[in-house]
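Student: I would like to learn how to read a structure like this one, feature by feature. Could you take me through it slowly?

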Amino acid sequence: MVTLYMNLMSQPARACMLFCRINCLKVEEYQINLAAGQTRSQDFRKMNPLGKIPCLKDGDFVVSESAAIMRYLAQVNEVPDHWYPRDPQERARVNSALDWYHCSLRLPAIMLTWYVVGQTMQPTVKLLSVNDRSAKRQLAVLKDTLKIMEGFYLAGRDFVAGDHISIADLLYSCELDELQLLDSVEQLPTFEELLEPFPKVRAWMNRVAETTEPHWTAVTAVLQKVVKRGRERRQQIISSKL
């Protein structure tokens, strides 16, 4: 039995879910209740001392970190080569994109996500405090990251590591897709305003979604409900000031 411990509001978990569903892998999805602190439970910590999701359990073997999970699954299953190429140079391009993702895209994006959470859900949820000044700083970092994506990773390519979709595209796109939550607050640009100066990034986001359908819509359905509520909240605030 192979089990993926996940939550539908986790960007890296959604990337792993997409990979499994697209490739029809026999992997059970186990929904972790983050709000209830399930990752901090004794049972979960015994399995994964890091206390993080996504986490994959294959028999007695346990691996965490989304990139490692998808690398592992690509190598132990028969999946199309483009996901994680066997050719050393093509694989190196995917690995390079995966390594760059963690500090260059993941960090500012998750900080902005938690800023939105703090603005819209306090005091119900307050796992990480990000103030206005820090959010603006992370927004600047994110814009620099998007410039690099636009000018390097997507320069003359359809996807971030080449002409075909790879596991790196799943991580990048799920991370950016979560930033639709920016539409919930007035203090930051909306998602579309953020991407407007980066047409290659916007077109690539659409391309990834189209390439992974119908799974993209299914896996992002919960996020879209939250985004819709956030947009309604923002509109109510704007209307109340008129």
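Tutor: We shall go through the sheet, the helices beside it and the salt bridges in turn. Please keep in mind that this is a predicted model, in which local features need pLDDT of at least 70 and side-chain atom pairs count only at pLDDT 80 or more, while totals for chains, interfaces and linings use all residues. Residues are numbered from 1 along each chain as its sequence is written, and side-chain values use heavy atoms, with hydrogens and water left out.

Student: In what order do the strands of the open sheet lie?

Tutor: Strands (E, at least two residues) and helices (H or I, at least four) are DSSP runs numbered from the N terminus, and two strands pair if DSSP finds at least two bridges between them. Here four strands form an open sheet in the order 2-1-3-4, with mixed pairing. Strand 2 and strand 4 (61-64) are the edge strands, each pairing on one side only.

Student: Which strands does strand 1 pair with, and in which sense?

Tutor: Strand 1 (residues 2-6) is joined by four bridges to strand 3 (residues 55-58), and these two run antiparallel, whereas with strand 2 (residues 28-31) the pairing is parallel, again over four bridges. Leu-4 stands opposite Leu-56 in strand 3, and Leu-56 in turn stands opposite Val-63 in strand 4. On the side of strand 2, Tyr-5 has Tyr-30 as its bridge partner.

Student: Are the faces of strand 1 covered or open?

Tutor: In a regular strand the side chains alternate between the two faces of the sheet. Buried means under 20% relative accessible area, exposed over 50%, and partly exposed in between (1.4 Å probe, protein chains only). In strand 1, Val-2, Leu-4 and Met-6 on one side are buried, as are Thr-3 and Tyr-5 on the other, so by that definition both faces are covered.

Student: How does helix 1 lie relative to the strands?

Tutor: Axes are lines fitted to C-alpha atoms, for helices over the stretch in contact, and angles run from 0 to 180 degrees between N-to-C directions; contact means heavy atoms within 4.5 Å. Helix 1 lies across strand 1 and strand 2, running at about 145° to strand 1. Strand 1, helix 1 (residues 11-22) and strand 2 make a right-handed β-α-β unit, where right-handed means that, with the strands pointing away from the viewer, the path from the first strand over the helix to the second runs clockwise.

Student: At what angle do helix 4 and helix 6 pack?

Tutor: Two packed helices are described by the angle between their axes and the distance between the axes. For helix 4 (residues 88-121) and helix 6 the angle is about 10°, and the axes are 9 Å apart. That makes the two helices roughly parallel, a term for angles under 35 degrees. Among the residues that meet are Trp-100 and Tyr-101 in helix 4 and Leu-171 and Tyr-172 in helix 6.

Student: How many salt bridges does the whole structure hold?

Tutor: A salt bridge is a side-chain nitrogen of Lys or Arg within 4 Å of a carboxyl oxygen of Asp or Glu, and a search of the whole structure finds eight. One of them joins Arg-14 to Glu-178, with the closest N and O atoms 2.7 Å apart. This pair links distant parts of the chain, 164 residues apart, with Arg-14 in helix 1 and Glu-178 in the loop between helix 6 (167-177) and helix 7 (191-195). Both Arg-14 and Glu-178 are buried. In another salt bridge, Arg-86 meets Asp-81 at 2.9 Å, N to O; there Arg-86 is exposed, with a relative accessible area of 55%, and Asp-81 is partly exposed, at 31%.

Methods
Angles under 35 degrees count as roughly parallel, over 145 as roughly antiparallel, 65 to 115 as roughly perpendicular and the rest as oblique.
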